[in-house]
Amino acid sequence: MNDHNDYSPEQEPTPEYQQDMPQTLEVDVGRAMPPTMAQHIPMLQPDAMYGTPIDATEATNSRSMLAEGIHFVGNAVLRGPFSVAGQVDGNLAQADGVQVSVVVTETGRVKGDITAHKISVMGHTDGVLDSGQGEVSLHDSASVHGLVRYGRIQVNGADLNATLERVAPARKAI
């Protein structure tokens, strides 16, 4: 007695039962990605620049962003502008020979040191903000804890619980 309600997975369905079962339908859910054109692959090379730093604060070819919801643990060496909307546990430092900008957005959190020519904070930082002779902007939504080294500073109502240290401009040799 093979009633439709008596079917168990251990039993092989009878042909009558198979007719009543929903038919399976194979659906193509995707295709292989088309082959990509060969692009220039960046190669690591030793720094050959020891002269004047290159201003990469607005460079678009090296722009990076840590998106909201991403948690990065480690240290990063920056060669172009960097925006933090997620969370960084580690140090962010500009590469030798370049000057970069770092923006910590309203959703951004950095627990570690930031070394860049321009630093703008709208989120939370805990550590050293070191712009050397550059500039630091702390906006009204910012919460900054630690040490801030700057050449120029702008504070717009930020929650500032930090030691401020001004770096004097370099004197030109006569």
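This is a predicted model: local features need pLDDT of at least 70, side-chain atom pairs count only at pLDDT 80 or more; totals for chains, interfaces and linings use all residues.
Let me begin with the contacts in this chain, where a contact means heavy atoms within 4.5 Å: of those with a separation of 6 or more, 12% are between residues 24 or more positions apart. Residues are numbered from 1 along each chain as its sequence is written, and side-chain values use heavy atoms, with hydrogens and water left out.

The secondary structure comes to one helix and 17 strands, where helices (H or I, at least four residues) and strands (E, at least two) are DSSP runs, numbered from the N terminus. Buried residues, meaning those under 20% relative accessible area with a 1.4 Å probe and protein chains only, make up 31% of the 174 residues in the chain.

Now to the sheet. Six strands form an open sheet, with parallel pairing, in the order β2-β5-β9-β12-β14-β16, and two strands are taken to pair if DSSP finds at least two bridges between them. Because β2 (64-66) and β16 (152-155) stand at the edges with a single partner strand each, one side of each is left without a neighbour in the sheet. From one strand to the next, the twist averages 10 degrees, an angle between N-to-C directions that can run from 0 to 180 degrees, with axes fitted to C-alpha atoms. Looking at one pair, β2 and β5 (residues 82-84) are joined in the parallel sense over three bridges, and S64 stands opposite F82 in β5.

What lies in the interior? The largest nonpolar core has 25 residues, and those with the most contacts inside it are L92, V102, I114, V121 and L129; such a core is a set of buried Ala, Val, Leu, Ile, Met, Phe, Trp, Tyr and Cys residues joined through side-chain atoms within 4.5 Å. The elements giving two or more residues to this core are β4 (76-78), β5, β9, β12 (118-121), β14 (135-138) and β15 (143-150), and β15 gives the most, with three residues. If we leave aside neighbours within four places in sequence, L92 is in contact with residues including F82, V84, V102 and I114.

Note on methods. Buried means under 20% relative accessible area, exposed over 50%, partly exposed in between (1.4 Å probe, protein chains only).
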